[in-house]
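Morning, everyone. Let me walk you through one structure. Please have the sequence and the model on screen.

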Amino acid sequence: MKTKTQVILLFLIIILFFLSCSVKSHHYRPVTVTPKRKVLELMGYAIQAGAFANVKNAVRLTISLRQRGLDSTYFKASDGLYKVRFGNYSSKEAAAKTAISLKSRGVIEEYYIIIPDEYAAAKQKQLGSDYLRDSLVRTAHDFIGVPYLWGGTSLEKGFDCSGLTMTVYRLNGLNLPRNSVKQYETGLPVENVQDLKKGDLVFFAMKDQNIVSHVGVYIGEGNFIHASSQGKAIRIDSLSTPCYFKGYMGGRTYLEFDQDS
């Protein structure tokens, strides 16, 4: 027969065992933490120049500005003309100073200063996140069929997928990084494909590699807009397409804001 002391000892051992298991289980439970910050900085003042019917003229101006160290891109505006936008200035005065200097040297002609309040991202708090998401998708759609240049100095250089996503976001007022890997690291993970929303980015590892090498803009219903490969047209594809299904690395959202900001 067990003594009273032995019974108490056995009871204490059992309690310690269960406490140990409980602590271990808690320690390894995955926890998702949402950063209490804006995921992306808002764009500042920018300069817009040109209004070209011929896309090649927009390309030439873009190249000329890049050769002067100005981060520029061109796009097709709602009026059907190709325009060039560049810069991310902290004040309207700084943007105007650059624009006036370029105009005096004959690099640009007429110009327009984009103020931060004009961006879709700046209107999100008043109009809701759906407004910004719809604007991102519309901007991505506008690039379908548009000859595009990024990173090169000739009309034949071709298209870069992360250049498209960066430009789509910056035209809407969000300063997305240039590189697809940085874009992947910056965003908040979207764990399930079913949870993707319009305007999120989708990432892929192509050619059986386990690193991000491709990115597109999710537009809903399992589809995304992207530059399929260098030199090819911007188009819509499905996430269920075998090569993209196989290489899918995950989605990222950049539209989550700290409620206190």
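Which residue in strand 9 does N223 stand opposite? N223 faces S238. Keep that pair in view while I cover the ground rules.

This is a predicted model, where local features need pLDDT of at least 70, side-chain atom pairs count only at pLDDT 80 or more, and totals for chains, interfaces and linings use all residues. Residues are numbered from 1 along each chain as its sequence is written, and side-chain values use heavy atoms, with hydrogens and water left out.

Now the overview. The protein chain has 8 helices and 10 strands. Helices (H or I, at least four residues) and strands (E, at least two) are DSSP runs, numbered from the N terminus. Of the 261 residues, 42% are buried. Buried means under 20% relative accessible area, exposed over 50%, and partly exposed in between, with a 1.4 Å probe and protein chains only.

Two strands pair if DSSP finds at least two bridges between them.

Look at strand 8, residues 223-227. It is joined to strand 9 by 5 bridges. Towards strand 7 there are 3 bridges, again antiparallel. F224 stands opposite Y218, and F224 also stands opposite D237 in strand 9. Strand 7 and strand 8 make a hairpin with 2 residues between them. In that turn, E221 has a positive phi of about 55°. Because 4 of the 5 residues of strand 8 are buried, the strand is largely enclosed by the rest of the structure.

What lies across this sheet? Angles run from 0 to 180 degrees between N-to-C directions, and axes are lines fitted to C-alpha atoms, for helices over the stretch in contact.

How do helix 5 and helix 6 meet? Their axes come within 9 Å and cross at roughly 130°. L136, T139 and A140 of helix 5 make the contact with V168, Y169 and L171 of helix 6. Contact means heavy atoms within 4.5 Å.

Strand 1 (residues 45-52) and strand 3 (residues 82-89) share 5 bridges. I47 stands opposite F86.

Last, the cores. A nonpolar core is a set of buried Ala, Val, Leu, Ile, Met, Phe, Trp, Tyr and Cys residues joined through side-chain atoms within 4.5 Å. The largest has 51 residues. F86 and Y169 are among those with the most contacts inside it, and so is I108. Apart from that core lies another of 8 residues, including V190 and F204.
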